[in-house]
Amino acid sequence: MISGVSDNFRVFNQPVSNVSVTGAKAVAAESAPALPADTLTKSKSDSSARLIPKSLFCSTAAKTEETASASAVTTNSVSSWQAKWGPQVIYFPLTDRFSDGDPSNNFNVDKNNPTAYHGGDLRGVINNLDYIKGLGATCLWVAPMYDNADKVRMGDYEGTGYHGYWITDHYKVDEHQGTINDAKELVSKAHEKGMKVVLDTVLNHVAPNHPWVNDPSKHDWFHHNGGIQNWDDPWQLENRDVCGLPDLNQSNPEVYKYLLDNTLWWVKETGADGIRLDAIKHVDHQFWQKFCADIKKEMGDDFMILGEALHGDPNVVSGYMRDGMDSCFDMPLYYTIRDTIGKDGSAREIGKRFAEDSKYPDASKMVTLLDNHDFERFMNNTNNSRGEDKLKLGMDLIMTCRGIPSVYYGDETAMVGGGDPDNRRDMEFGTKPHITEHLQKLTSTRAAMPALQFGQQMEMWQDDQIYAFCRRHEGQECITVLNNSYDHQTRNIPLREGSPLHNGDVMVDVLTGDKFTVNNNCLNIGTADKQGRVLVPEKDYGNIQFKK
Ligand SMILES: [Ca+2]
Ligand SMILES: [Ca+2]
Ligand SMILES: [Ca+2]
């Protein structure tokens with residue numbers, strides 16, 4: 001998030017395969033033909049490739065061209081980072097717009113102005129920790145708390161730093177949000193409730209009225225290259241001003257030291273568990289490599305470094321993970337979900353996206369999302385048709401696929417909103433209980449199923465209407481079936497090689513309670529229009545503690 005202007009351009013790669021196998025240990029996906037009849041299929045993705053007789057699959061497997069071919073299965077091993085972060089569900093309340101817990105700090109509040117302060121604060125977040133936990137979220141992403149400019153004019157645009165990304169003092173909590181003691185209390189109370197906290201960290205730029213900007217002794221702290229003109233030029237992206245925001249010169253060692261010291265100060269002062277790095281594609285890779293290494297040196301390997309690169313190309317996003325960031329937002333998948341579920345694209349696109357997972361150092365560490373504060377809300381992106389069903393379908397996907405899911409405040413009540421700042425409307429609590437309950441079913445299921453936290457992901461089916469995949473971990477298999485069409489669909493879906501499921505085993509759809517029995521190594525699954533099914537083994541179903 002930079003400012004009032006969307007920082008969005010997207011590049012898609014062509015899919016490399018129609019079958020993907022991803023997870024804690026991703027297996028390189030390769031082009032895999034449909035399972036042929038009366039032949040043996042050799043998995044090409046593993047040096048220990050085995051021959052898979054077609055008799056392992058149900059009879060329809062050989063009759064359909066839609067069946068995913070089998071791939072070799074690797075065993076999962078869960079690192080200590082993964083053990084800590086794999087189970088998380090992140091929640092992002094934009095502080096000023098979430099909840100007003102302290103009217104005494106409501107300076108210049110104007111709720112009718114979408115770029116003014118609306119009165120939300122850290123106390124409001126603290127007061128709602130039980131609400132957030134009740135959704136099944138386990139980790140807070142806290143918007144930037146730095147003291148921000150009360151008023152900024154950039155060209156024709158005038159606004160306030162209500163969002164936190166226009167810093168005027170790196171070592172002070174903004175007076176609208178609260179105090180450093182509130183920040184400490186937020187983290188300690190979250191910890192008491194078993195929740196983690198990730199701090200939004202802004203290193204690319206400062207506000208135009210930051211004191212450094214007119215300080216001659218700080219001239220070399222900034223690039224002086226003017227604004228970005230060509231958003232396809234990587235040099236300009238890193239070295240010019242984004243939307244009028246003075247661009248820090250991170251190659252200046254004094255700037256580097258200041259930013260590192262300040263980041264560590266916030267983390268240590270508050271006791272946070274990780275940082276979310278803003279606008280990473282506007283800072284060069286050398287900086288990130290050194291910065292991530294220095295943060296890890298100080299905070300340890302299990303500290304979360306999450307990068308935000310608003311880019312649709314896995315090759316670009318993965319570059320920052322190779323710089324040392326544990327995770328990046330899965331913007332490529334975000335765009336695919338928008339186009340496919342939001343706008344009625346072919347369900348095959350979901351499979352094509354996962355087929356690119358081998359481009360990431362570890363796709364299972366990525367943070368998945370349906371919404372954030374930069375783009376129009378999911379609900380506004382649904383061709384105005386069946387929006388709530390599509391939102392639920394999107395939730396079914398990100399709460400069960402590989403990665404760490406995140407929820408933008410208001411997703412749980414299907415809030416609407418156009419582009420920035422309309423996507424930051426005041427939080428609407430409790431307005432859509434059926435959506436909230438759907439989310440809670442999914443988070444409760446995820447919390448009870450190691451397969452959904454750590455499991456390797458394998459595609460089970462793709463065609464234009466249906467996408468299905470399984471997640472497997474230590475003998476547990478969960479299966480998700482998404483019907484992206486406007487008609488009821490039934491598919492006889494073969495189990496993938498090595499499945500712990502056997503004929504006669506029963507799978508329960510946690511969303512409806514419907515049961516399905518494995519027969520002839522297949523699951524015959526009917527799915528209503530624009531509906532998902534999240535299937536867990538009946539023997540594990542009783543372990544789910546559904547939140548209310
Ligand atoms: Ca307030
Ligand atoms: Ca301020
Ligand atoms: Ca920059």
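1. Buried is used here for a residue with under 20% relative accessible area, exposed for one over 50%, and partly exposed for anything in between, with a 1.4 Å probe and protein chains only. By that criterion Asn 105 is buried, at 6% relative accessibility, whereas Asp 100 counts as partly exposed at 35%.

2. On provenance, this is a predicted model, in which local features need pLDDT of at least 70, side-chain atom pairs count only at pLDDT 80 or more, and totals for chains, interfaces and linings use all residues. Residues are numbered from 1 along each chain as its sequence is written, chains are lettered from A and ligands numbered from 1 in the order in which they are written, and side-chain values use heavy atoms, with hydrogens and water left out.

3. Donors are N, O and S atoms within 2.8 Å of the metal, or 3.2 Å for Na, K and Ca, and sites may look incomplete because water is not among the atoms.

4. For reference, ideal angles are 90 or 180 degrees for six octahedral donors.

5. Asp 147 is buried, with a relative accessible area of 11%, whereas Glu 175 is partly exposed at 24%. Helices (H or I, at least four residues) and strands (E, at least two) are DSSP runs numbered from the N terminus.

6. At the calcium ion (ligand 3), the coordinating atoms are Asn 204 (OD1), Glu 238 (O), two OD atoms of Asp 247, and His 282 (O), at 2.3 to 2.5 Å. The donors are spaced N-x33-E-x8-D-x34-H along the chain. Asp 247, in the loop between α6 (234-239) and α7 (253-270), and His 282, in the loop between β11 (274-277) and α8 (285-299), are 35 residues apart. Asp 247 is buried at 0% relative accessibility, and His 282 is likewise buried at 0%.

7. With a disulfide taken as a pair of cysteine sulfur atoms within 2.5 Å, the count comes to 0 disulfides. The sulfur of Cys 292 has its closest cysteine sulfur in Cys 328, at 8.9 Å, which is too far for a bond. Cys 292 is buried at 1% relative accessibility, while Cys 243 is partly exposed at 21%.

8. In helix α9 (residues 314-322) the buried residues include Pro 314, Val 317, Tyr 320 and Met 321. The buried residues of α9 pack against α8, β13 (327-328), α10 (331-342) and α11 (348-354), where contact means heavy atoms within 4.5 Å. Just after α9, Gly 324 takes a positive phi of about 125 degrees.

9. Strand β12 (residues 304-307) is covered on both faces, with Met 304 and Leu 306 buried on one side and Ile 305 and Gly 307 on the other. β11 and β12 pair in the parallel sense over 4 bridges, where pairing requires that DSSP finds at least two bridges between two strands. Leu 306 in β12 is the bridge partner of Arg 276.

10. Strand β20 (residues 506-509) pairs antiparallel with β21 (residues 515-517) over 3 bridges, and Val 506 stands opposite Thr 517. The two strands form a hairpin with 5 residues between them, and Gly 513 in the turn has a positive phi of about 85 degrees. β20 is also joined by 3 bridges to the antiparallel strand β23 (residues 531-537), where Pro 537 stands opposite Met 507.
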